[in-house]
Amino acid sequence: MEMEIPYTVEERPDTGLYNGKLGIWLFLASEFMLFGALFSALIMMRTGAISWPHGYTLLNVPLATLNTFVLIASSVTVVLAWANFRLGDFAKGRMYLIATLACGFGFMIIKAIEYGTKFSHHLYPAENNFYAIYYTMTGLHGLHVVGGMIVFAYLIWPGAKLWSHDRQRYINRVETTGLYWHFVDLVWIFLFPTLYLL
Amino acid sequence: MSGNSPEQIRHETRIYLTVFAALAALTVVTVAVSYLHLSGWRAIALALFIAGIKGFLVAGYFMHLLSEKKLVYAILAVATAFFLLLIWIPYTEKDSQDAARAAAIAGETAPAENGH
């Protein structure tokens with residue numbers, strides 16, 4: 001016998017949220033802790049070091065600035081996708097999701113160029129504490145970008161079938177994925193100045 | 001949260017585009033300020049202040065935290081409390097770090113005295 005999971009679309013009366021939304025916020029709270037621990041490690045190493053390099057003397061600020069623009073552009077395209085799906089315009093919503101995915105690719109290509117340059121100069125995480133925390137934080141953040149891209153690709157192609165038979169559930173999936181994506185953007189907003197500019 | 005009438009959704013869309021323009025402008029400001037090469041704490045305070053405004057715009061408007069359900073605020077309040085605890089931990093180690101740093105500097109400047 002098939003049992004239907006309740007509150008995948010409508011809001012649960014006690015929480016005021018549909019289950020997916022409650023789930024994504026609990027997940028984001030744990031992500032907050034994950035990156036929080038790394039920011040804590042960065043503060044500890046930086047304040048405890050005899051000398052600590054300025055990020056802008058070692059890292060490529062113009063490339064990271066470009067990546068900041070790419071990521072904030074992707075944040076706006078994902079909310080525009082959600083808005084268009086809610087207006088019932090599937091084609092336009094999907095186009096914005098494709099734009100978001102393209103931004104994700106753009107971000108990772110720029111990141112690969114940045115890492116490639118460092119590797120070509122034999123600058124690996126073992127070089128010193130600065131590079132260790134730089135690769136750890138930007139690498140983990142990059143993995144989150146890749147994770148988001150996989151979900152967007154699913155929503156654009158195979159997952160798009162849901163639109164035709166359970167439209168609201170599809171819109172909710174776009175909303176929860178968007179919340180995750182904004183969080184990834186939010187982490188970068190703090191990573192960019194702390195690692196590259198200070 | 002946000003309503004679902006076409007007019008409300010179009011109004012939200014205009015807000016999203018305004019927030020995007022503000023985020024782009026603040027990114028330019030962040031980078032421009034970094035070229036001033038301000039001293040230690042001033043640079044950190046200003047960079048984090050601008051990042052804080054950008055974070056507020058993303059969380060408040062794109063993630064709709066300005067008009068979210070109480071349970072979401074409760075979840076984030078717990079997470080924020082533990083986050084602040086994590087950020088506070090390095091300062092509890094400050095004395096031992098200062099001592100270790102002083103010892104390291106002494107070791108570098110007077111190697112003959114301690115036999116290294």
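Predicted model: local features only at pLDDT ≥ 70, side-chain atom pairs only at ≥ 80, totals over all residues.
Residues are numbered from 1 along each chain as its sequence is written, with chains lettered from A and ligands numbered from 1 in the order in which they are written.

Let's start with the overall layout of chain A. Chain A has seven helices and zero strands, where helices (H or I, at least four residues) and strands (E, at least two) are DSSP runs numbered from the N terminus. Its C-alpha atoms fill a box of roughly 60 × 35 × 30 Å along the principal axes. Of its 198 residues, 36% count as buried. Here a residue is buried if 20 or more other C-beta atoms lie within 10 Å of its own, exposed if 12 or fewer, and partly exposed in between, with C-beta atoms placed from the backbone. Two residues are in contact if their C-beta atoms, placed from the backbone, lie within 7 Å. Among contacts in chain A between residues at least 6 apart in sequence, 75% join residues at least 24 apart.

Now look inside. The largest nonpolar core holds 61 residues; such a core is a set of buried Ala, Val, Leu, Ile, Met, Phe, Trp, Tyr and Cys residues joined through C-beta atoms within 7 Å. The members that touch the most others are A:Val79, A:Ala81, A:Trp82, A:Val187, A:Trp188 and A:Phe192. Two or more residues come from each of α1, α3, α4, α5 and α7 of chain A, and likewise from α1 (6-34) and α2 (40-62) of chain B. Helix α7(A) gives the largest share, 14 residues. Leaving aside residues up to four places away in sequence, A:Trp82 touches A:Ile171, A:Val174, A:Glu175 and A:Gly178.

An α-helix has 3.6 residues a turn, so residues three or four places apart point the same way. In the loop between α4 and α5 of chain A you will find A:His122, which has a positive phi of about 60° although it is not a glycine. A:His122 counts as exposed because it has 7 C-beta neighbours inside 10 Å.

Next, follow α5(A) to its other partner. Helix α1 (residues 19-48) of chain A packs with α5(A) at an angle of about 170°, their axes 11 Å apart. That makes the two helices roughly antiparallel, a label for angles over 145 degrees. In this pairing, A:Leu38, A:Ala41, A:Leu42 and A:Met45 of α1(A) meet A:Asn129, A:Ile133, A:Thr136 and A:Met137 of α5(A).

How many residues does each chain bring to the contact between them? Chain A brings 40 and chain B brings 43. On the side of chain A, α1, α3 and α7 each supply at least two residues, and α1(A) gives the most, with 14.

A:Pro193 lets you see this meeting of chains at one residue. A:Pro193 sits in helix α7 (residues 167-197) of chain A, and it is buried because 26 other C-beta atoms lie within 10 Å. Not counting residues up to four places away in sequence, A:Pro193 touches A:Leu198, B:Thr30, B:Ala47 and B:Ala51.

Just after α2(B), B:His64 takes a positive phi of about 60°. B:His64 counts as partly exposed because it has 19 C-beta neighbours inside 10 Å.

Terms used:
Axes fitted to C-alpha atoms, helices over the stretch in contact; angles between N-to-C directions. Parallel < 35°, antiparallel > 145°, perpendicular 65-115°, else oblique.
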